[in-house]
Amino acid sequence: MILVDGVPSSQGTDTLMEHPLLLAASLSFKAKQEHNFSQSNLQTSMRSRWIYIFQREYATVDPQLVDYIGTDEATTCVGLVIRNRKNGMISVAHMDSPKVVEHGLTQMLSALVNHNDDHTDLDVHLIGGFEDVSSQHANGTSNSKNYAKLGGYSFPLCTKIIETLGRRQERFHIQTLFILSHNTRRDSQGNAYPIINGFMVETSTGSLIPARFDRTTRGPDEIVRRIRVCASGEDPSWNEILLSCSTSPSAEGPDFVDNERRQWDYLIKHPDWQYTFPKRQPRIFERSCDGVWKRLLPSTQDEPLFQNPLLRY
């Protein structure tokens with residue numbers, strides 16, 4: 001169930017975006033100064049416990065263990081933030097396709113909601129996606145594959161998220177809907193780009209700020225986590241690298257090509273995936289007392305750990 005200002009709503013994406021409360025929230029979010037984060041300023045100006053989310057990942061965090069959680073590098077992707085009003089638990093996902101929405105949302109809520117409670121109130125923020133295809137084209141197309149042919153990925157993804165939230169029993173209070181037209185700027189030739197590519201959530205309050213992260217903050221295991229997304233792509237031919245690794249290559253950030261080179265370099269050095277995931281075991285990291293992520297070797301992965309947050313994938 002979707003609620004806006006405490007009132008249930010069954011409106012579609014476009015109509016919800018023009019709700020006075022959500023329109024004001026979008027304008028307010030857009031006006032916030034974007035913060036550029038590096039490991040040094042996260043550790044000096046903020047507490048050092050943060051988690052970074054890559055594309056097609058999610059994390060559910062306890063504010064007592066994690067101070068900040070964020071993501072960036074989103075063009076046609078959408079960042080979804082869900083916060084349990086009762087206990088402050090927060091789940092953040094970086095979604096890239098309508099196909100991952102239902103299962104992804106179920107995963108997010110599994111550790112966020114007590115399913116014996118039919119009236120769980122959750123604050124929701126959606127940030128990302130832009131007008132990579134006009135809403136007129138999107139509204140006139142029913143087949144999701146046709147969206148991609150038109151160059152449109154954002155609209156069907158945003159629509160799928162809204163529809164899925166509306167069908168569930170939990171009470172989703174929409175707080176921010178900074179997506180599509182609200183998140184679109186155009187250059188002098190009329191080419192569209194997202195205004196904001198990322199954000200950081202302060203877990204103690206649930207407040208969000210626009211954010212960009214440098215390489216030092218996108219850990220742990222940055223390269224392997226990046227490769228995981230491209231390696232599971234649907235194009236076996238890989239005829240065009242940029243189109244295979246991005247839904248909007250012209251709108252990517254300045255370090256996009258460098259990141260792709262580093263991924264290919266890793267694959268050239270370690271072509272056998274068994275090297276990265278020996279015996280098909282997940283890669284598990286623990287944040288140490290000094291705020292540094294450390295990988296747990298397979299022999300220690302089964303040991304009980306309760307004090308520090310874990311990252312597992």
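## Basis of the model

Local features in this predicted model need pLDDT of at least 70, side-chain atom pairs count only at pLDDT 80 or more, and totals for chains, interfaces and linings use all residues. Residues are numbered from 1 along each chain as its sequence is written, and side-chain values use heavy atoms, with hydrogens and water left out.

## Helices α4 and α7

Helices (DSSP runs of H or I, at least four residues) and strands (runs of E, at least two) are numbered from the N terminus. Helix α4 (residues 101-110) packs against helix α7 (residues 154-167) at an angle of about 50°, and their axes are 10 Å apart. Axes are lines fitted to C-alpha atoms, for helices over the stretch in contact, and angles run from 0 to 180 degrees between N-to-C directions.

The contact (heavy atoms within 4.5 Å) involves V101, E102 and L105 of α4, together with L157, K160, I161, T164, L165 and R167 of α7.

Strand β9 (residues 121-128) is largely enclosed by the rest of the structure, because seven of its eight residues are buried. Buried means under 20% relative accessible area, with a 1.4 Å probe and protein chains only.

Two strands pair if DSSP finds at least two bridges between them. Strand β7 (residues 78-84) runs antiparallel to β9 and is joined to it by seven bridges; here N84 stands opposite L122 of β9. Strand β10 (residues 171-179) runs parallel to β9, with eight bridges between them, and F178 of β10 is the bridge partner of I127.

Note on methods: Buried means under 20% relative accessible area, exposed over 50%, partly exposed in between (1.4 Å probe, protein chains only).
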